[in-house]
Amino acid sequence: MNLIINFLTKLDLKTPQDKNNEKYYIFLRTTGTILPWQYYSYEFNVKNEYDEFIMPIRDFKKSGMLLANQINPKKITSIGIVAYGRDHYAELYVKELEFLE
């Protein structure tokens, strides 16, 4: 199964130096991610253009040893688009988000 995110406009995530081609993340939480610091993440690079990202669910990495190795897509409770680790100005619009087998 894949998670597909299609951004309405370019994904405009800018640092104060106006850099791009930086790493950003999609975080998934499930019924099994009980503690606030538990999640599954997928890393992707952003360019200054319109884009669609296809993210295989099997490629999401768990944040700790206590989580299941595989994500059951039926147990996903939230999805977050995350930028962290440096200063950011982030403005984005998600046109479509879907799961495909």
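**View A. Tyr25, Phe27 and Tyr39 come together as one aromatic cluster.** Everything here comes from a predicted model, where local features need pLDDT of at least 70, side-chain atom pairs count only at pLDDT 80 or more, and totals for chains, interfaces and linings use all residues. Residues are numbered from 1 along each chain as its sequence is written, and side-chain values use heavy atoms, with hydrogens and water left out. Rings of Phe, Tyr and Trp (its six-membered ring) pair up if their centres lie within 6.5 Å; planes under 30 degrees apart are called stacked, over 60 edge-to-face, and the rest tilted. That rule gives three aromatic pairs.

**View B. Here's the pair made by tyrosine 25 and phenylalanine 27.** Their ring centres sit 6.4 Å apart with the planes at 55 degrees, so this pair is tilted.

**View C. Next up: tyrosine 42 and phenylalanine 60.** With centres 5.3 Å apart and planes at 40 degrees, these rings are tilted too. The pair ties together distant parts of the chain, 18 residues apart: tyrosine 42 is in strand S4, phenylalanine 60 in the loop between S5 and strand S6 (61-62). Strands (E, at least two residues) are DSSP runs numbered from the N terminus. Both tyrosine 42 and phenylalanine 60 are buried.

**View D. Finally, the largest nonpolar core, with 13 residues.** Such a core is a set of buried Ala, Val, Leu, Ile, Met, Phe, Trp, Tyr and Cys residues joined through side-chain atoms within 4.5 Å. Leu28, Phe44, Met55, Phe60 and Ile71 have the most contacts inside it.

Methods
Buried < 20%, exposed > 50% of the residue type's maximum accessible area, 1.4 Å probe, protein only. Helix = DSSP H or I, 4+ residues; strand = E, 2+ residues; numbered from the N terminus.
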